[in-house]
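Biologist: Please take me through this chain and say what each term rests on. I would like the value and the criterion side by side.

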Amino acid sequence: MARDPQDNRDGMTSAAFEEEHAYVELAYAALDGLRSRIEESMQQALELPRGGTPQARLERDVTIETSLTRLSRLEVGAHPLLFGRIDLAEAPSADDGEGDKVQTSYHIGRISLSDDSGDPLVVDWRAPVAEAFYRATVLHPMNLRRRWHLAVAQRHLVGLEYEDLVGSDRSDRELVGRASLYAALERPRTLEMANIVETIQADQDELIRRPLNRTIIIEGSPGTGKTAVALHRAAYLVYTYRWRLERQGVLVLGPSESFVRYVRSVLPSLGESGVEVRSISGLREPRVDSTPGVDPIAMRLKGDLRMSRVLRKAVRDRERPLKRPVNIPFGSRILVVSPELSQRAVTAGSSARGRHNQRRKVVEAFLARELAIEFLRGGQLSTSPADLNENVINLFDDDLDLPLQLPEDSEEDIIRDVVLQLRRLENFQRVMDRIWPSLRAEEFLFDLLKHRSLLRLAGGSVLRDEEIDALLLDSELALETIQWSDEDVVLLDEIDALVGAHDPKIFGHVIVDEAQDISPMAARVIRRRTSKDSLTILGDLAQAISPFRGRSWSEVLSPFGVSDFELIRLPMNYRSPRRLAEVADHLRRRILGSQALTEVPIRTLAGSLDTVVARQVDLVERLERQVQAWLEESEGTVALVVPDGAQDLLQLICKCQVDVARVFVASVSGVKGMEFDSVALVGFDVPEEGDLLQREMYVALTRATRSVSMFFLNSIPGWVESMLA
Ligand SMILES: Nc1ncnc2c1ncn2[C@@H]1O[C@H](COP(=O)(O)OP(=O)(O)OP(=O)(O)O)[C@@H](O)[C@H]1O
């Protein structure tokens, strides 16, 4: 990185600086001008008289709609409008029109802007021309002579630097915009992730700009920028394939609601609103409040692919003929639904197309028609006093508009009339509910998980007895008060699909972050929302902490129905300071064994890691002191993390009196994918290293950008001591 040769010591008065300073002002003035022109035309449309021809009304609505969309695309908030400039080595030939101005340098920014004559003032970072800004290296200069990095704050240029790409002897692995990158990496964190658009590195850019209709897996250890790549790729795809993705949209999936909150401001800060960011359980419509599961056995079972067979069978079990005949009083007659008739109705439903709830109509039509034919043949005359009573009521029931048989009516007319009346009859619907009920996922799952007999009927051939026991809900629970788990919501979504309750939205591209823990059943939730083979999957097998940990990428991917994918590794760690990277590397090798590859930590900060033994009685106080010290040391954030399942400990440390705007308290699953300046790991004291605890420790420890303290409640386990030695 070099400064402009004419720079004086503070670099503020050089000719280049002045020139860029003026350019930044010009670009902001153009942005303001464009915004006020759009606002003006929208205002004019709003002031038009309300009435007018339908054509005029339509035009006005379109003007308002387009103005609002254009304004939202020009929204850069407090972020710099532009941050880079590229100078071309050779000007492109101007063969597309005589007298065209040949552009030899471009400014790169968050959005595209042109001057009054239509020449680009700022080029959107996602446009093809901007690619060289991120990717050019000395070995592959991509026709760049020089690359500039502009630091802009509050609409003014405050710093300027450049790199020469020709005539320099730097190696190809050079970081792009080193000074800006380091400044970004060293800044204190907030509880919301920041975008990296100004400092995207070449290998990240290459992944961000991969074409749409592919499945790629991006793996990398913690801090290699997977989430950053995921979000910038979403913004890139929406921009580049706008005409295809405008309606369908792009979906980014994260591991939890806290993760969704953590990343939610990145896409708006990139000026992109066409991307939905959700957790998997947050995908289902209508939304169900759910919490992460606590019982690993039930969690594993509910995520197991066998559940799709159990649920399919459970739905079929609700499509069942009557065991005994049922009488339906109808006028002065009794129509009998025999087991044999109900069986034929079920068979008609089973062989029809569509899903369970839609096929109910077929069953209903079949049954009503058969009964109407019976009616035509005379049915049975009612004799029982109860029936007669009901018949009398039926006869005077306004709703029952009994078919009046006129001589000219054809048999078909009469049948049609009877069918209509039967369908409105409560007794008839009651029979329908017995043989082919209309199913709602919540009630259906609640019934299934509450009754051993139903579970055994549905799952007896694929689940063992102890597995059925593990799935059973507490018999005291009521549907109105049940707390669904995230895994239950995955099952609800499967049931929706089986019964045809809600048709899920299909996205043009789906990006799945932290995919290592996606259960096979959750993969089906995603697959139902994905257009074929247009997926970006990101994750790290060493960070798998769910009951499905220990799988290979092929195993993770198989329930997605994708067999053709490319696996790419991100090579650099942008998060961990040296000491933490070293310990993390050690843990990674213990978890993955010989397959563990090491990423290059690029930060120079040493960082710190210490251990504390605290007794339960003074744990809260000691944590508070540590948190206070960290908060005074830097403006950043702190996380207090306990192992998953340590509910009591979590409740205890929630008592810490801390600044909630900067301190986050959670178990390991709740901090997956997130980042904090300092992290306290609390209660990881297991004498023997277990696979799960090591993985959880790995996830928790690698959240920190500066310091980690491990608080043990008994003593420092030997395996931890030897690892830290
Ligand atoms: N090119 C870059 N410029 C500036 N910051 C970067 C860049 N790449 C990554 N970072 C920063 O590095 C940190 C780690 O990135 P990110 O959270 O995307 O990593 P990750 O691979 O998803 O980690 P994990 O596996 O732990 O979820 C973030 O603060 C991110 O902003």
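**Terms and values in the chain**

Modeller: Strand β1 (residues 82–88) and strand β5 (residues 144–153) run antiparallel and are joined by 5 bridges. This is a predicted model, in which local features need pLDDT of at least 70 and side-chain atom pairs count only at pLDDT 80 or more, while totals for chains, interfaces and linings use all residues. Residues are numbered from 1 along each chain as its sequence is written.

Biologist: What makes β1 and β5 a pair?

Modeller: Two strands pair if DSSP finds at least two bridges between them. β1 and β5 have 5 bridges, so they pair under that rule. Within this pairing, G84 stands opposite H149 in β5.

Biologist: Which elements count as strands or helices?

Modeller: Both are DSSP runs numbered from the N terminus: helices are H or I with at least four residues, and strands are E with at least two. The chain has 28 helices and 24 strands.

Biologist: What is the strand order in the open sheet with mixed pairing, and why are β3 and β6 at its edges?

Modeller: The order of the 6 strands is β3-β4-β2-β1-β5-β6. β3 (113–114) and β6 (156–164) each have a single partner strand, so one side of each is left without a neighbour in the sheet. Helix α1 (residues 15–47) packs on this sheet, touching β1, β2 (105–109), β3, β4 (120–124), β5 and β6. Its direction makes about 120 degrees with that of β6. Such angles run from 0 to 180 degrees between N-to-C directions, with axes fitted to C-alpha atoms, for helices over the stretch in contact.

Biologist: Which strands make up the open sheet with parallel pairing?

Modeller: This sheet has 6 strands in the order β9-β8-β15-β16-β7-β17. Its edge strands, β9 (275–279) and β17 (566–569), pair on one side only. The twist from one strand to the next averages 15 degrees.

Biologist: Why is G683 called buried?

Modeller: A residue is buried if 20 or more other C-beta atoms lie within 10 Å of its own, exposed if 12 or fewer, and partly exposed in between, with C-beta atoms placed from the backbone. G683 has 22 within 10 Å and is therefore buried. Of the 725 residues of the chain, 41% count as buried. G683 lies in the loop between β23 (676–682) and α27 (691–701).

Biologist: What does G683 touch?

Modeller: Not counting residues up to four places away in sequence, G683 touches V642, P643, A646, L649 and L713. Contact here means C-beta atoms, placed from the backbone, within 7 Å. The C-alpha atoms of G683 and A646 are separated by 8.4 Å, although the residues are 37 apart along the chain.

Biologist: How do you know that the ligand lies between domain 2 and domain 4?

Modeller: Domain 2 (199–283 + 508–520 + 555–572) and domain 4 (578–724) both give residues to the shell around the ligand, so it lies between them. The domain bounds come from an automatic or database domain assignment. In total, 23 residues surround the ligand, the closest being P222, G225, K226, T227 and Y574. The criterion is a C-beta atom, placed from the backbone, within 6 Å of the molecule. α4 (178–186) and α6 (226–240) each supply at least two residues of this shell.

Terms used: Contact = placed C-beta atoms within 7 Å.
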